[in-house]
Amino acid sequence: MIQADNLTFQYPGSHVQAARNLNFRIEPGEIFGFLGPSGAGKSTTQKILIGLLKGYTGKISIMGKSLEDWDPDFYNHVGIGFELPNHYLKLTAMENLRFFGSFYSRKKDYLGLLEKVGLLQDANKIVENFSKSMKVRLNFIRALLHDPEILFLDEPTTGLDPVNSRKIKDIILDQKAIGKTIFVTTHNMHDADELCDRISFIVDGELMITETPKQLKLDHGKHKVKVEYADGGQLIKVKEFPLKDIGKDQKFMDILKTREVISIHSQEASLDEVFIKVTGKNLL
Amino acid sequence: MSIKRLIGTVFWDLRLQVKYQILTVAAVVTILYTMIFKLLVRDEFDEILVLLIFTDPVMLGFIFIGALVLFEKGSHTLDALVVTPLRISEYLFSKVISLGLIATVCALVIAIAGHGLRFNYFLFIYGVFITSAIVTLLGFAGVSRMRNFNQYFIIIPQFLAPLALPLLNFFQLTDSWLLYILPTQATLNLLWASFHPISTSDMVYSLIYLPVWLLLSYNYAAYSFRRHIMVSSKL
Ligand SMILES: Nc1ncnc2c1ncn2[C@@H]1O[C@H](COP(=O)(O)OP(=O)(O)OP(=O)(O)O)[C@@H](O)[C@H]1O
Ligand SMILES: [Mg+2]
């Protein structure tokens, strides 16, 4: 659905490449994530893919057609969520939707979209007075307005409380369920883990690895078992053991047999541990 | 270009111009001009009338397009527009048509108030609308490279001074053919011609020369859009 080969980009007036020789391929119906710290080049990559930044080198193909060969009809097929909300502040939420909706011929369900993100009561309020979270949600549904085949979502949950973040993630998963292809950027490893079929780690404009979240954790994370036990008297001790061959671990078995065990937890590696291990950088 | 999308965009542009008080400013200025003319000018003095009408679409159009585009830049809505099926041509045409409508209506009000109902509407509207379009497009080209009002205000005189030069010919301070290079010479000819006869050569020149500038300005504005609104890599 989306393919990038040797994609490189440098901003005018900058002396570093914001995207360096990126190669990736996004399959139809897939949620593909770019996970990386601030300044890694996530937004830059999205802006290149949606035709906002020109003059890149390398090849980009979207829906089987080179990006350069697409005319503005391209935008009938893709929906874009920007990192920073960009609305007409003097218009109401509804007017903003109707204004952007007027560019597309497909039938639109403005009220349904507003309802999905909890903005129905605010439909006729001026966007200028919206909170950050309200603007972010309005921005998000604007991407869905014309029911596009591909979604590009730049940090869709940033600035949202857990409840609203949940709503947005559920909508993204619903979109995947009806066959949409979704490119999403984030520096939130929980979101990446939950949403993405595959993730690319990006640092300083370079892709370090592309894998399924599960495989990443399997390959790079240590699975551990954490045991809490009473070591005679009042003392509570905590020990960690590798999950692998745990039954043959003499120390672990000794504890089970001879001590009073308070709790045992198996611990999965988290994506940010994997991120640090693979890239040598912290996510935040 | 889709006519349906264009009409829709003109509608929304007019709506935004109401919200951003542009219509209010245009109305206030028009009333002010009408009052100035009525109070200060006793006899029929069409030179002053033409001067007022001339400064209205030219000056105001330049400030209006600047304000509209800077508002869009400020709220980053231009990025959002660029990634819709809306064409650059539709965006520019919509600005030209909506601001041209306002300019034409204001100019007509001033003209009718000052001169009565008897003048050549075709020449008048032709002159005012196309001039407003040229100013809007040049103004867009100018503002496309600016970040804020302060920067824009600095370049306004650079654009407006040359456009005002043909007033020297109009008030017979000069009689220079050089000023015929500027589009506003044709504007002044047409405005005058809608009240009083002018020579055939002046008429032909004006009717043909104004659209030539319109075409040039359009291309310059479209170039500026691609060059300055969209970011291009230096690779
Ligand atoms: N308009 C610009 N001109 C010059 N450099 C830029 C511009 N926009 C971004 N950059 C630089 O490009 C690099 C990548 O920025 P980008 O916005 O793509 O990062 P990001 O991964 O989206 O970060 P964040 O998580 O903070 O959104 C950064 O070093 C940034 O400073
Ligand atoms: Mg970003």
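**Group meeting: salt bridges, a helix and an interface**

A:Lys281 is partly exposed, at a relative accessible area of 35%. Partly exposed sits between buried, under 20% relative accessible area, and exposed, over 50%, with a 1.4 Å probe and protein chains only.

Before I go on, the ground rules. This is a predicted model, where local features need pLDDT of at least 70 and side-chain atom pairs count only at pLDDT 80 or more, while totals for chains, interfaces and linings use all residues. Residues are numbered from 1 along each chain as its sequence is written, chains are lettered from A and ligands numbered from 1 in the order in which they are written, and side-chain values use heavy atoms, with hydrogens and water left out.

Back to A:Lys281. What does A:Lys281 form with A:Asp204? A salt bridge, with the closest N and O atoms 3.0 Å apart. The rule for that term is a side-chain nitrogen of Lys or Arg within 4 Å of a carboxyl oxygen of Asp or Glu. The pair links distant parts of the chain, 77 residues apart. A:Lys281 is in the segment after α10 (271-279) of chain A, and A:Asp204 is in the loop between β10 (198-203) and β11 (206-211) of chain A. Helices and strands here are DSSP runs, numbered from the N terminus: H or I over at least four residues for helices, E over at least two for strands. A:Asp204 is partly exposed too, at 39% relative accessible area.

How many salt bridges are there over all chains? The search finds 20.

Next, a network. Salt bridges link A:Arg166, A:Lys169, A:Asp170, A:Asp191 and A:Glu194. Take A:Arg166 and A:Glu194. Their closest N and O atoms are 2.6 Å apart. A:Arg166 lies in helix α6 (residues 162-177) of chain A and A:Glu194 in helix α7 (residues 189-195) of chain A, so this pair ties together parts 28 residues apart in sequence. A:Arg166 is partly exposed, at 31%. A:Glu194 is partly exposed, at 34%.

Now A:Lys169 and A:Asp191. Their side chains meet in a salt bridge at 2.9 Å, N to O. A:Lys169 lies in α6 of chain A and A:Asp191 in α7 of chain A, so the pair ties together parts 22 residues apart in sequence. Buried or exposed? Both A:Lys169 and A:Asp191 are buried.

On to the two chains together. The contact, meaning heavy atoms within 4.5 Å, takes 38 residues from chain A and 26 residues from chain B. Chain B and chain A bury about 3,000 Å² between them, 68% of it on carbon and sulfur atoms. That buried area is the accessible area (1.4 Å probe) that two parts lose on being put together, summed over both. Three salt bridges cross the interface. One of them joins A:Glu95 to B:Lys19, with the closest N and O atoms 3.4 Å apart. The elements giving two or more residues to the side of chain B that touches chain A are α1 (3-19), α4 (77-82) and β1 (231-232) of chain B. α1(B) gives the most, with six residues.

Last stop, helix α9 (residues 183-193) of chain B. Why call α9(B) largely enclosed by the rest of the structure? Because 10 of its 11 residues are buried. Among them are B:Pro183, B:Gln185, B:Leu188 and B:Ala193.
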